[in-house]
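Subject: Structure for you to look at

Hello,

Here is the structure I promised to pass on. Please open it first, then read the notes below.

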Amino acid sequence: MEGILLDEIELVTQLRTCGLVRTIAVRGFHSLDDNYSELLEKLANIFNTADAPPIDLNMEEALAELEGPSFFSVQAVLCDLIPLLNVDQNLLLAFITRLLEKGGNDLAAGAPSSAFGKWTRKDPIRSSKVYETARTGNNLALRQLFTVLLMNADVDEGLIFAQAHEQEAKLAAISALGAMELGERYREVLDTLFQGASSDKEDVALRAIEAAYRAAAKRKVCAPASFDEQLERVLQTGSPSVIQLAADLLWLHREGLTSNAIDLCLNAVVGVNPDNIGTISHIDHASYQLVRDGYAEQVTRLLNELIESSKGRITLDAFQSTYRALTSAGPYVFGSAVVYWLLNGGRHIRKCLANQVCSVGNDDPPFSIPSSSLPPSPTDQLFLCRKAVGWFFIDPLAAVSIPLAVLRDGSPDIADDVLNLIYNPLILSYDGKLRDYLERYVLDGGINGSAITELLAHKTALQEEMEGIECLVELHPSEMQREAERVQWNEQMERGMEQGRRKSILEDLFTKQYILYGRSSLTPIHSGEGITCLTEIEMKSFSISSELPLLNIVDPFGLDQMLLHFKLEPREQE
């Protein structure tokens, strides 16, 4: 007992000289400590006495000493302590506000507000005092009004503030009402929110619309159609805040949206500024969920419009979550998206698609083409085949998938033209994996299998006729050209390796080793007792193969001209 009493006296002395924030920082309290709850109780008892030191003693100096993780470790202890305190409200509000300012935009920065909300929930008088202070226009109280209303589930006060003339209080109350569990008062709250949604002030209207759809989504129902009309009205402005609202509705509150509201939001987000990375990220999250919920067709059109309207400033790299959702939804879902982009898209979306689809080492096509996705017109089907060959030529399995789908499910009138495309430039350029894939297609009873077999035979005959051509000295590069090519290749590899290291998240985690020769590496492991032991790691071999197109060697200029024509050829308008 004497030791415990002595510790508490020491703690009081430290709090009176250093202040609360610095004391917690110096002592390094942590929630995982065995006596953490006892410590919080001691601190609360000390500050709840009449002659307690102020909680903000030396606060500014202490906060200036804390940065990054150190600050948030101290903040976590403070947030656990705040609900236990019985101190002056104005002092606590100022204390909370200073913590919020120090936290900035970090995701954990809002924890002090939640702690203050829990503090007001301990005693109904506390929340009433916050409301009274907020009505006087006190900025500190207004800043915490949303949290206090939400934590106390105070629908009555929320409705009163939502109809107030003071702008900040109105906005906070509207947001709180949308986030509450409303129960039987849902319709009553919606009526008040509709008044806000009809406001001529954009910020009030946007806040009320978001709150209404959020409240509906919490109940897993669609908001009334009257809110769709107000949503359509505000979306017409196309301002950044409106586009942000549309993205957030699709991402966070889609369950509360009608099909009409979803279409309105999808049309609105097309106008996003390519520099607004945060909004684009929200659109990606929303699109990912929409694909999983069966809206892959709408998302496919959205990505096409976003990339083309931005003239390539927005790419598929900004929509990696959505892209993975499309590829994971099944080969036919992604195949339908590929067909749509090649057929209806522009140069930018096709270039992005080729960068994503084409890769070295594919053993199978990355997508499958459903018959329902093919255009009914034979002209469009042939146009689609040329686009596939032009943009996917570097990956022959991806390039041949669409022509084979047209042979299988398309118009027989263009079969000869499609076969010619498969032969020249694909079969003429590639042999290995493309030949194996086409032979499997014939064995599986694919349409026009005999014609494809004949094309493969023509390729074999051509290869036999070209035997010995490598002996022609006139076709050999000079030694100077070979040396220049080797130097250029080495420089390119060095730049690529350096760029890869700079972007690697593993660069700072592991020791860099340069192994010139050998089959294993030895790594010293230092134990806590000063003993060093060596750990041997056996090296394993791995490889990847790629095939250089034959036409790129035999007729590079002709091949480039052909592919360029396929890529840039416009679609015929009926």
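In which helix do Phe-116 and Trp-119 both lie, and how many residues apart are they? They belong to helix 7, which covers residues 111–121, and three residues separate them. That is about one turn of the helix. Please keep in mind that this is a predicted model.

**Overall form**

The protein chain has 574 residues, and 43% of them count as buried. Its secondary structure comes to 30 helices and two strands. The radius of gyration is 34 Å, whereas a compact globule of 574 residues would have one near 25 Å. Along the principal axes, the C-alpha trace spans about 105 × 75 × 40 Å.

**Aromatic pairs**

A pair of aromatic rings is described by the distance of the centres and the angle of the planes. Searching the whole structure gives nine aromatic pairs. One of them is Phe-116 with Trp-119, a stacked pair. Their centres are 5.4 Å apart, with 20 degrees between the planes. Phe-116 is buried, at a relative accessible area of 0%. Trp-119 also counts as buried, at 2% relative accessibility.

Now look at Tyr-323 and Phe-334. Their ring centres are 5.4 Å apart and their planes stand at 85 degrees, so this pair is edge-to-face. Planes over 60 degrees apart count that way. Tyr-323 is in helix 20 (residues 320–328), while Phe-334 is in helix 21 (residues 331–344), so the pair ties together parts eleven residues apart in sequence. Both Tyr-323 and Phe-334 are buried. They also belong to a cluster: ring pairs link Tyr-323, Phe-334, Phe-367 and Phe-392.

**Charges over rings**

Two places to check here. Arg-219 lies over the face of Tyr-186, 4.2 Å from the ring centre. Lys-567 lies over the face of Trp-391, at 5.0 Å from the ring centre.

**The largest pocket**

The largest pocket holds about 560 Å³ of space. Its lining has 29 residues. Nearest its centre lie Ile-394, Asp-395, Pro-396, Tyr-430 and Glu-547. Which elements give two or more residues to this lining? They are helix 22 (347–357), helix 23 (378–392), helix 24 (396–409), helix 26 (432–443) and helix 30 (556–568). Helix 30 has the largest share, with four residues. By type, the lining of the largest pocket divides into 15 nonpolar, nine polar and five charged residues.

**The second largest pocket**

This one has a volume of about 420 Å³. Residues that line the second largest pocket include Gly-110, Ser-113, Ser-114, Glu-168, Arg-207 and Arg-214. Leu-142, Arg-143, Phe-146 and Thr-147 are also among them. Helix 12 gives the most, with three residues. The lining of the second largest pocket divides into three nonpolar, five polar and four charged residues.

Start with Leu-306, in helix 19 (residues 296–309). Is Leu-306 buried or exposed? Leu-306 counts as buried, at 1% relative accessibility.

Next is Lys-311, in the loop between helix 19 and helix 20. Lys-311 is not a glycine, yet it has a positive phi of about 55 degrees. With a relative accessible area of 64%, Lys-311 is exposed. The cut-off for that is over 50%.

Asn-448 lies in the loop between helix 26 and helix 27 (449–465). At 28% relative accessibility, Asn-448 counts as partly exposed.

Best wishes

Methods. Residues numbered from 1 in each chain as written. Predicted model: local features only at pLDDT ≥ 70, side-chain atom pairs only at ≥ 80, totals over all residues. Heavy atoms only, no water. Phe/Tyr/Trp six-rings, centres within 6.5 Å; stacked < 30°, edge-to-face > 60°. Buried < 20%, exposed > 50% of the residue type's maximum accessible area, 1.4 Å probe, protein only. Lys NZ or Arg CZ within 6 Å of the ring centre and 35° of its normal. 1 Å grid on protein atoms, 1.4 Å probe; cavity = no way out; pocket = protein on both sides within 12 Å on 5 of 7 lines; lining within 4 Å. Points joined across faces, edges and corners; volume = space filled by probe spheres on them. Nonpolar A, V, L, I, M, F, W, Y, C, P; charged D, E, K, R; others polar. Rg over C-alpha atoms; globule rule 2.2 N^0.38 Å.
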